[in-house]
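I opened my notebook to look at how the inside of this protein is packed. Here are my entries, in the order I made them.

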Amino acid sequence: MSDAPSPSLPTRPSAGHAPAPAPQGARIIAITSGKGGVGKTFVSANLATALTRRGQRVLVLDADLGLANLDVVLNLHPKVTLHDVFTGKAQLEDALVAAPGGFSVLLAGSGMVEYSRLTPEVRNQLLQVIQTLAPRFDVILLDTGAGISDVVLFSVSLASEVLIVATPEPTSLTDAYAAIKVLALQQKRQHVRLVINQAARPGDGRAITGQLQQVLDRFVSTESGRSMRLIHMGDIPADPAVRDAVMRRHLLLLHTPGCPAALAIAQLANKIEDALLVRVS
């Protein structure tokens, strides 16, 4: 929940516009990445679990409309998806599903090829969904697609905060830099938050964040003339328990809550709550 009431979302934001203000009652956080395969959906689902345990009312919206896989990560088989809502076959309320971690999910349904392009219809439908659901939750996590397509950028533009997931691999960091640059130039963002997944050693993420910040300081300026600011939110260590949980389609925080990666996600939830959400007593 934001600290002060915010105005309603504009009617037709575009992918290149500044981020839209969150509707009153929800803090909207986009979880995105420069490239696929870095654990973005894994982070979204387990972060939602950790925030729910802290008393937050959480919704994860699968905004990867073309290659949705949140249902696979959560081992859910919904009868109604966002596709059914968009096509008028079902009501939005029927598409909300309770996830094993205690939070709510709105699943896109895989293979929605017709929604892989940003059209006015897709924009309006996504916008309407968020406007309708935002008052019912404290935080909405948008699990976006990877990269900088129009659909991804539009989804990110609906959020007041962006959490980028990257790994220490050079290709992941190069693509993360490209995404951050686009967010600075097109969406006029002043900062983004960064979490490094599969970190090999403690401190790797902070060092990587510092290196990326140096490149941004040199090559990317925001609308204010200042550099885009990266906020390091933490590292999730490489942990064999993660692969085991993913293969079993279990949430890590439920499957192995005391493992290093699960503890790191709990710390990430704590930082997000401290920085962005109203604590639930």
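These notes go from the nonpolar cores to the cavity.

**Entry 1: the model.** I'm working with a predicted model, so I keep that in mind throughout.

**Entry 2: the largest core.** I looked up which residues touch the most other members of the largest nonpolar core. They turned out to be L61, L106 and L142, in a core of 55 residues. Then I checked which helix gives the most to this core, and I found α7, residues 170-185, with 7 residues.

**Entry 3: a closer look at L142.** I picked L142 and skipped its neighbours within four places in sequence. What is left in contact with L142 is I28, I29, A30, I31, L61, I130, S155, L158 and A159.

**Entry 4: another core.** I also noted a second, separate core of 44 residues. Among its members are A45, V105, V165 and A245.

**Entry 5: the cavity.** How many cavities of 30 Å³ or more are there? I got a count of 1. The volume of the largest cavity is about 40 Å³.

**Entry 6: its lining.** I wrote down the residues that line the largest cavity: T32, S33, G147, V152, L153, V156, A179 and L183. β1 (27-33), α6 (150-157) and α7 each give two or more residues to this lining. α6 gives the most, with 3 residues. Sorting the lining by type, I have 5 nonpolar residues, 3 polar ones and no charged ones.

Definitions and conventions. Residues are numbered from 1 along each chain as its sequence is written. This is a predicted model: local features need pLDDT of at least 70, side-chain atom pairs count only at pLDDT 80 or more; totals for chains, interfaces and linings use all residues. Side-chain values use heavy atoms; hydrogens and water are left out. A nonpolar core is a set of buried Ala, Val, Leu, Ile, Met, Phe, Trp, Tyr and Cys residues joined through side-chain atoms within 4.5 Å. Buried means under 20% relative accessible area, exposed over 50%, partly exposed in between (1.4 Å probe, protein chains only). Helices (H or I, at least four residues) and strands (E, at least two) are DSSP runs, numbered from the N terminus. Contact means heavy atoms within 4.5 Å. On a 1 Å grid over the protein atoms alone, a cavity is a set of points where a 1.4 Å probe fits but cannot get out, and a pocket is an open set with protein on both sides within 12 Å along at least five of seven lines; lining residues have an atom within 4 Å of a point. Grid points are joined across faces, edges and corners, and a volume is the space filled by probe spheres set on the points. Ala, Val, Leu, Ile, Met, Phe, Trp, Tyr, Cys and Pro count as nonpolar, Asp, Glu, Lys and Arg as charged, and the others, Gly among them, as polar.
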